[in-house]
Amino acid sequence: MNTIKKPIVIVGSGFGGINAALNLRNNNPDFPILVIDPKNQFEFKPLLYEVFSNEIKSWEVNPKFDSIYANSGITFIHNRVNFIDFDKNILILQDDLKIEFEYLVLSTGSSPNDFSIKGVKEYCSFFNTNEDQINLKKLLDKPTTVGTNNKIFIIGAGPSGVELACKIRDIYKLKFEIIIIEKTPEILNNSKTFNKEEAEKTFEKKNINVMKNCSVIEVTNEQIVLTNNLNQVKNFSYFEVIWTAGIKPNLPEFNKQIQKINNKILINKNLQLQDFPNIFAIGDISQMENNNSSPVTAQVAMQQGEHVALNLKLLINNQKLLPFKFNDKGEMMSLGIGEASISGIGLTLSGKLAFDLRRVIYASKMPKFGKSLKSTASWFLEKKSIFKNIL
Ligand SMILES: Cc1cc2nc3c(=O)[nH]c(=O)nc-3n(C[C@H](O)[C@H](O)[C@H](O)COP(=O)(O)OP(=O)(O)OC[C@H]3O[C@@H](n4cnc5c(N)ncnc54)[C@H](O)[C@@H]3O)c2cc1C
């Protein structure tokens, strides 16, 4: 076994980063590992809707990094990486602290993309972080009086827009008229057919409207301006506009141009940067060569985190690295309070049972944290022993 002089540095402690760090630690007790993140706590984003609807408490899905890394021998630094020098192998942090690395894993995730559409940044709400869900709840809790415009526009009928619309309907009942704006002719473009059909049925039942083939041109402090595929332009007043229409990678600055694709870092099949074999990029910030179809999900980031730990060990020991292969375990979607739809893992399921199973599967993805969720999981597994084999 070879030894290394400097710690393996992992930048970003989300789904990819945590899995990389914990797997590295489990398989290689002697490697020094340093994790850097500007946040104090992990955000389990797939359950953000349930925190929003109070079905789950925030502390259950946002455990502190201190507790995740306690007694693991992994060093955690609460800081942001602002700059990377690829030639000197140096990171520069927010407070100008410099850190040298020999091996680096980048896993800094993504944030909403406003595509430079006028007024989006200024006037729309977002739903990407715990802070966003707190802010949105405060806004929607405000009373509406007779004559107040009660239209909520949700931009983008991807999973985020669809799941959020269903929760808002169930939490606020008939307080709002909910309209989803979708640029293409159908909702949930990249989702499994079963989940798409379940979502369509749920929209019908919950009276959620979708304007398809429709795009946002501008948002002002009072109006949203839309256009359809016939180039007709319409303005609407709104109570709130919520932007769930796209994401962009969070990238620090670099000392030189690196190869990118769709603004993401281009990686080879072993998850390494093209010209820098000691540097890996995983999760939402990266795209693998010759692969346009890999989804941008926690599932991918977690599997890549595990794989990068394996490949780092092989690299350090001068062995041949292994290519990453995504194992699609299916897709789960919440469709309101106590309802969900699941397609994959050998089954399709909707309703209350799907909701419970979704929660259990997510609990099982929280390696050493999420105590309350884990107890829900063990309760459920005792009751529904048929699911033991698929988790
Ligand atoms: C509302 C919502 C619901 C979702 N639902 C699902 C779902 O049901 N299923 C699914 O598979 N996926 C879902 N996703 C997508 C999933 O959350 C992401 O694909 C996943 O989080 C990506 O993992 P990651 O490790 O790349 O980034 P993240 O998990 O976002 O972690 C990135 C980390 O990097 C840190 N960071 C950022 N910049 C820096 C910097 N400069 N220096 C140091 N640290 C930095 C951040 O603070 C963060 O902790 C959802 C996303 C959202 C927003």
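These are my notebook entries on a predicted model, taken element by element.

**Entry 1. Domains**

I began with the domain assignment of the chain. Domain 1 covers 8–38 + 79–111 + 248–316, domain 2 covers 114–245, and domain 3 covers 331–390. I then took the centres of domain 1 and domain 2 over C-alpha atoms and found 33 Å between them.

**Entry 2. The five-strand sheet**

I looked up the strand order of the parallel sheet. The order is β9-β16-β10-β11-β12, and the sheet is open, with five strands in parallel pairing. At its edges stand β9 (125–126) and β12, each with a single partner strand, so one side of each has no neighbour in the sheet. Helix α6 (residues 130–141) packs on this sheet and touches β9, β10 and β16 (240–243). The direction of α6 makes about 160 degrees with that of β16.

Next I followed β11 (residues 177–181). Is it largely enclosed or left open by the rest of the structure? Four of its five residues are buried, so β11 is largely enclosed.

I checked the pairing on each side. With strand β10 (residues 151–155), β11 pairs in the parallel sense over five bridges. Lys 151 stands opposite Glu 177 of β11, and Ile 154 stands opposite Ile 180 of β11. With strand β12 (residues 209–211), β11 also runs parallel, and three bridges join the two. Here Ile 180 stands opposite Val 210 of β12.

I then traced the connections. Helix α7 (residues 159–172) makes a right-handed β-α-β unit together with β10 and β11. Helix α8 (residues 193–206) makes a right-handed β-α-β unit together with β11 and β12.

**Entry 3. The three-strand sheet**

I turned to the antiparallel sheet. It is open and has three strands in the order β13-β14-β15. β13 (214–219) and β15 (233–237) are the edge strands, each with a single partner, so one side of each is left without a neighbour in the sheet. From one strand to the next the twist averages 30 degrees. I looked at one pairing in detail: strand β14 (residues 223–228) runs antiparallel to β15, and five bridges join them. Within this pairing, Thr 227 stands opposite Val 233 of β15.

**Entry 4. Strand β7**

I asked which way the side chains of β7 (residues 103–106) point. Tyr 103 and Val 105 point one way and Leu 104 and Leu 106 the other way, and all are buried.

I listed two pairings of β7. Strand β1 (residues 8–11) pairs with β7 in the parallel sense over four bridges, and Ile 10 has Val 105 of β7 as its bridge partner. Strand β22 (residues 276–281) also runs parallel to β7, joined by three bridges, and Leu 104 stands opposite Ile 279 of β22.

**Entry 5. Asp 96**

Asp 96 lies in the loop between β5 (90–93) and β6 (98–100). Is Asp 96 buried or exposed? Its relative accessible area is 59%, so with the cut-off for exposed at over 50% it counts as exposed. I also took a distance from its C-alpha atom: Ser 72, 24 residues apart from Asp 96 along the chain, has its C-alpha 27 Å from that of Asp 96.

I finished with two helices. Helix α9 (residues 298–316) has 19 residues and spans 27 Å from its first C-alpha to its last, close to the 27 Å expected at 1.5 Å a residue. Of these 19 residues, 14 are buried, so α9 is largely enclosed by the rest of the structure. Just after α9, Asn 318 takes a positive phi of about 55 degrees.

Helix α10 (residues 352–364) has 13 residues and reaches 19 Å between its first and last C-alpha, close to the 18 Å expected. In α10, 10 of the 13 residues are buried, so this helix is also largely enclosed by the rest of the structure.

Conventions: Residues numbered from 1 in each chain as written. Predicted model: local features only at pLDDT ≥ 70, side-chain atom pairs only at ≥ 80, totals over all residues. Heavy atoms only, no water. Expected span 1.5 Å × (residues − 1). Buried < 20%, exposed > 50% of the residue type's maximum accessible area, 1.4 Å probe, protein only. Pairing = 2+ DSSP bridges. Right-handed = clockwise from strand over helix to strand, strands pointing away. Domains from an automatic or database assignment. Axes fitted to C-alpha atoms, helices over the stretch in contact; angles between N-to-C directions. Contact = heavy atoms within 4.5 Å.
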